[in-house]
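The stops below can be followed in order.

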Amino acid sequence: MSLEAKLAVDRFAVDEESAHIRLADTSDVPRETLELLVRGCPAGLYRLNDDGSLDFDYAGCFECGTCYVLAHGTALAAWHFPRGEMGIEYRRG
Amino acid sequence: MAEDAFDAIIVGAGPAGSTAATVLARAGLDVVLIDRGVSAGSKNLSGGRLYTHALGKVFPDFVDQAPLERLITKERISLLTQESASTVEFASGKLGGHSASYSVLRAPFDQWLADQAEAAGASVITGIRVDDLLLRDGRVAGVVAGEEEMSAKIVLLADGAISLLARRAGLIGEPDPHHYAVGAKEVIQLGEEVISQRFGLAAGEGCAWVFDGDCTDGHIGGGFLYTNRDTVSLGIVTTIGDLGYSDVRVPEMVERLKRHPVVAPLIAGGTLVEYGGHLALEGGFDAVPQLVHEGALLLGDAAGLGLNTGYTIRGMDLAIESGRIAAETVIAAHGRNDFSAASLAEYADRLAESFVLTDLAFYRRFPKFLEDTRGMFTDYPKLAEDAMLSLFSVDGSKPEPITRSLRNAARPIGFGRLVRDLWRGLGAINGRASVAGALGGAAFRVRGTANRKGGTR
Ligand SMILES: Cc1cc2nc3c(=O)[nH]c(=O)nc-3n(C[C@H](O)[C@H](O)[C@H](O)COP(=O)(O)OP(=O)(O)OC[C@H]3O[C@@H](n4cnc5c(N)ncnc54)[C@H](O)[C@@H]3O)c2cc1C
Ligand code: SF4
């Protein structure tokens, strides 16, 4: 089962108006840090392109904080919880 | 000073916050419990085993009332290589009574706890994200949510492992990747009967199973499987500071566990009903920050009160106990009408006397031991496999004495290292003697306002 298919099982209220996590300019961030983001995100939302640039999509985020611990202040320009009622809604947990 | 709107504001309706809110409301204090989720528990995820000793002190009838999944009566620990599992199993009717543990699912469980707080008289507000602490004259005086400010005599921060609020207010420092683990888990629907049959369980009874080795590809951490009533919770936890060890991604670790030959047949035919991720605490005793501040206390995961013992992750029982002790401290402070750090110091002292900090101190050296003993996740599962194979495979060749088989299996690791690791491992989980010393010098003690980092804006 693909990660996309797994995320499709979950319930999210995606805040279309504001992104709770925003990437910084990552051109000076060590590639190693970017790789850790790709590896550590349980939802697989970070993708490293061949040219070394990083893609990220905040829809599907579990708000777990792993990327905050890894790269807040370096690869990430902003990390916050989504606004109230937005984001992941666990029905089991 | 403006009239305080509330006696206490509690941020976070997890086990810590809802327990504190219940105890405070029962004592007649005017409390509000705020959570950013649509409902309490909608943001929370755990492996899923709750040790209930602390819960029973606040909710004596929890067995009949709380949404518990199964009473754990079967424990399994497995060392995994790609193809093998060396497993210790312990099944006993004695795994109950005061030490009982149950599998739980957090969305329903946390909602039940928040309902208890509401029934006791607390105002429960969900769907509101608290953005910042309100700081006034060098003390925490309330919270800010969007345009709104709410003030209170005291704020209890029960906002979970990251505790952005405490960080943004400078009450705790930058996160250390070695102090946190990322967890990922699936909830798989199988049906009540199927689970009881496949795991050999009586009705209402459950199995707790932890795995070391192959599932995390040698990363520090491990896998878990808990049987719920008609689903299983299956996942992995791995230290964030150790993600550099190999290039296997966290979601793939979950797949490795599901694919493993001892696990795959047990979940065959199941339907995924949820996949999620959450942070867990990994730093142990030495990562506990200062717990008492002017006008604020840190509770549960926000206070670093989580424990990884290698065979179980614990945080919910510590959160509940810290919630109760925090509430009792606040009730006493309310009687004195003094919410200074000095007046609240009793919180840290009582936690130090309770199982919460005693257990953390007991396992104090364990996180370091795991960091230094990669073999736990690589060589030792292999050692167990080799030893078991030489015991159990019969192919007509001349049998070897068991001692020689074991010696051969241990050779790649080296006896010196084996004995050293064993000794250090035992030392790391046998720290009673050092508990008093650890507590004596600990940083979470109140050291007055002079020691508070930042704080005013
Ligand atoms: C994979 C995994 C497995 C685990 N397994 C176990 C286990 O088997 N047994 C066990 O005992 N423990 C386990 N734990 C640990 C356990 O989940 C935690 O210790 C426990 O949830 C801590 O409770 P808490 O109330 O302190 O915080 P949480 O349960 O995290 O609750 C914090 C609450 O605060 C809210 N919040 C946060 N910020 C804000 C804000 N700014 N505004 C409003 N609301 C906010 C959140 O929505 C959340 O409801 C596990 C953890 C993980 C990740
Ligand atoms: S918070 Fe967790 S789930 Fe969300 S992007 Fe970061 S690592 Fe991924």
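Predicted model: local features only at pLDDT ≥ 70, side-chain atom pairs only at ≥ 80, totals over all residues.

Leaving aside residues up to four places away in sequence, B:L133 touches B:V140, B:G142, B:V143, B:V144, B:V155, B:L157, B:L165, B:A169 and B:L171; contact here means heavy atoms within 4.5 Å. B:L133 is also, with B:I9 and B:L297, among the residues with the most contacts inside the largest nonpolar core, a set of 92 residues. Such a core consists of buried Ala, Val, Leu, Ile, Met, Phe, Trp, Tyr and Cys residues joined through side-chain atoms within 4.5 Å. Buried means under 20% relative accessible area, exposed over 50%, and partly exposed in between, with a 1.4 Å probe and protein chains only.

Next, select helix α9 of chain B, residues 316–336, which gives nine residues to this core, the largest share. Helices (H or I, at least four residues) and strands (E, at least two) are DSSP runs numbered from the N terminus. Of the 21 residues of α9(B), 15 are buried.

A note on conventions: residues are numbered from 1 along each chain as its sequence is written, and chains are lettered from A and ligands numbered from 1 in the order in which they are written. Local features need pLDDT of at least 70 and side-chain atom pairs count only at pLDDT 80 or more, whereas totals for chains, interfaces and linings use all residues; side-chain values use heavy atoms, with hydrogens and water left out.

Now display both chains and select their interface. Here 54 residues of chain B are in contact with 37 residues of chain A. The area buried between the chains is about 3,800 Å², of which carbon and sulfur atoms give 60%; buried area is the accessible area (1.4 Å probe) that two parts lose on being put together, summed over both. Highlight B:R129, B:E274 and B:Y275, which supply 18% of the area that chain B buries against chain A, more than any other three residues.

Which residue of chain A forms a salt bridge with B:E186? The partner is A:K6, with the closest N and O atoms 2.6 Å apart. A salt bridge requires a side-chain nitrogen of Lys or Arg within 4 Å of a carboxyl oxygen of Asp or Glu. Four salt bridges are found across this interface, and 37 in the whole structure over all chains.

Return to chain B and select B:K153 and B:D7, a salt bridge with its closest N and O atoms 2.9 Å apart. B:K153 lies in strand β10 (residues 148–157) and B:D7 in strand β1 (residues 6–11), so the pair ties together parts 146 residues apart in sequence. B:K153 is partly exposed at 21% relative accessible area, whereas B:D7 is buried at 12%.

Finally, centre the view on B:R256. Its salt bridge with B:D214 has closest N and O atoms 3.0 Å apart. B:D214 lies in the loop between β12 (205–213) and β13 (221–227), and B:R256 in helix α7 of chain B, so this pair ties together parts 42 residues apart in sequence. Both residues are buried. B:R256 also meets B:D217 in a salt bridge (3.3 Å, N to O); B:D217 is partly exposed at 24% relative accessibility.
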